[in-house]
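The sequence and the model are shown first, and a description follows.

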Amino acid sequence: MKFQSTRGLERDVKSAEGIIRGIAKDGGLFVPDSFPNLYEILKKNKGLSYEELAFKIIKEFFTDIDENELREAIDEAYNNRFKPELNKNYLELYHGPTCAFKDAALLFLPQIMKRAKKSLGVNEEIVILTATSGDTGKAALEGFSSVDGFKVVVYYPKNGVSAIQERQMATQEGENVKVFGINGNFDNAQTGVKKIFGDEKLKEELKKNGYILSSANSINIGRLVPQIVYYFYGYFKLIEQGKIKEDEEINVVVPTGNFGNILASYYGKQMGLPINKFICASNENKVLTDFFQTGIYDKRRELILTQSPSMDILVSSNLERLLYEGSGRDGEEIKALMDGLMANGVYEVSSKVREFLKEFYGNFATEEEVHKTIKNVYEKENYLMDTHTAVGKTVWEKYKNETGDDREALIASTASPYKFPVSICNALGIDISNVDDFGVLKELNKATNVDIPRNLKGLDKKEILHNEVWDKDEMLDALLSFLK
């Protein structure tokens, strides 16, 4: 399998090269040349372990990586470290070391990058740059910590993540990792990272000093492909639990920020997975909702800080990959759209693309609706969900009410409720007025009897190792201070 850029300049790129570089020379994102139809094969082996299923899917894309090494990468990433669980209709993707769905990709990415680096004969140290709205940062730090040949730099909005998320990053051990808070929001952080990647002169200087830049954000194809796996896994679990029959179409509901997770489900459909509708759920930063309803993507609005911070995003980078498919893989058209977004903060897609987008439904949930959903689901179903999952559940209910489509749905549950305990306690009416951010974990446990994830216990006792805060315009200076 070869890869090409969404902006048309590059084609026939090997997977190892795409994984290491992260982004194409023209600023576009790498996409596979085609999508193998695996569903018909995989449905005959529905009882596969998660690791085996991952191998059968991922090997179709990363064909220039030795299969034995690929299998080792998958086993090292997932064995006893990550496994989704289907609970009711909720595909819980947070059973990993950081208690968020990003573990699915960011445990695997360091392992595949090691093999890609070996395959290409790269001797330089790879510097991973990542902007995070909360969960990507910790997952990248956890995955790459102490991995030889890599350094990791994470930028996060200083006042834009939960106390638990911030403490997870600030206490990360490893001599090869560094965390910077920035005075700005996630979009500022993401724009800053893209600006660094786009500085060719800087990259030349860094290479002279033995460094190559790469990314752990979902713009990296090495992170996106493994996310396809859990939609196959979830579909087969729905069959196993008797919720659907083989080949029956389902809807997929994804709380969406940077658009990578829902894009992975779309890729799954291109591989034969029986999916009817992609339900894109936003919080009050509803740029995607407006886009799917109007065909106009307009980021010219104030970013709202919500209680689902991983979705507080106005520029959904992976949407570019979907538009590429909708345009008939017209790189010039996509480049024009992205240039318009950069220059004017807005673009409008063609009628052809709008027709293509009818497979997607977009809507949003208010903070009040999120709290109501958390409370109602807990009281009626005895199921405790986090704020992001509640956004998904709320939008799913809106979709059903609007369309009457009540077929089974797979709802991506993207984080443990213990990542956002203050919000959950407020939704449930649990009094936390006299406890600190970490005492809230105990209060939530006491009230619900839902176990606190092992990886979050004792987090408040860990030593703070990263406390630097830089201005949003000083991100390059922060990077160079770490590398010198």
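## Surface, fold and selected residues

The accessible surface of the protein amounts to about 18700 Å², and 43% of it belongs to carbon and sulfur atoms; such areas come from the Shrake-Rupley method with a 1.4 Å probe, and for residues only the protein chains shown count as cover. The model is predicted: local features need pLDDT of at least 70, side-chain atom pairs count only at pLDDT 80 or more, and totals for chains, interfaces and linings use all residues. Residues are numbered from 1 along each chain as its sequence is written, and side-chain values use heavy atoms, with hydrogens and water left out.

The protein has 21 helices and 16 strands, which are DSSP runs numbered from the N terminus (helices: H or I, at least four residues; strands: E, at least two). Its C-alpha atoms fill a box of roughly 60 × 50 × 45 Å along the principal axes. Of the 484 residues, 62% are buried, where buried means under 20% relative accessible area, exposed over 50% and partly exposed in between (1.4 Å probe, protein chains only). Among contacts with a separation of 6 or more, 76% are between residues 24 or more positions apart; a contact means heavy atoms within 4.5 Å.

The structure also holds 29 aromatic pairs. Rings of Phe, Tyr and Trp (its six-membered ring) pair if their centres lie within 6.5 Å; planes under 30 degrees apart count as stacked, over 60 as edge-to-face and the rest as tilted. Tyr266 and Tyr267 form a tilted pair, with 6.3 Å from centre to centre and 50 degrees between the planes.

| Residue | Relative accessible area | State |
|---|---|---|
| Tyr266 | 4% | buried |
| Tyr267 | 1% | buried |
| Tyr378 | 19% | buried |

Tyr378 is located in helix α17 (residues 367–381). Beyond its neighbours within four places in sequence, Tyr378 is in contact with Tyr383, Leu384, Leu428, Ala447 and Thr448. The C-alpha atoms of Tyr378 and Asn467 are 36 Å apart, and the two residues are separated by 89 residues along the chain.

Helix α8 (residues 163–170) has Ile164, Gln165, Gln168, Met169 and Ala170 as its buried residues. The elements that cover them include α7 (135–144), β7 (150–157), β8 (177–183), α19 (421–428) and α20 (439–448).
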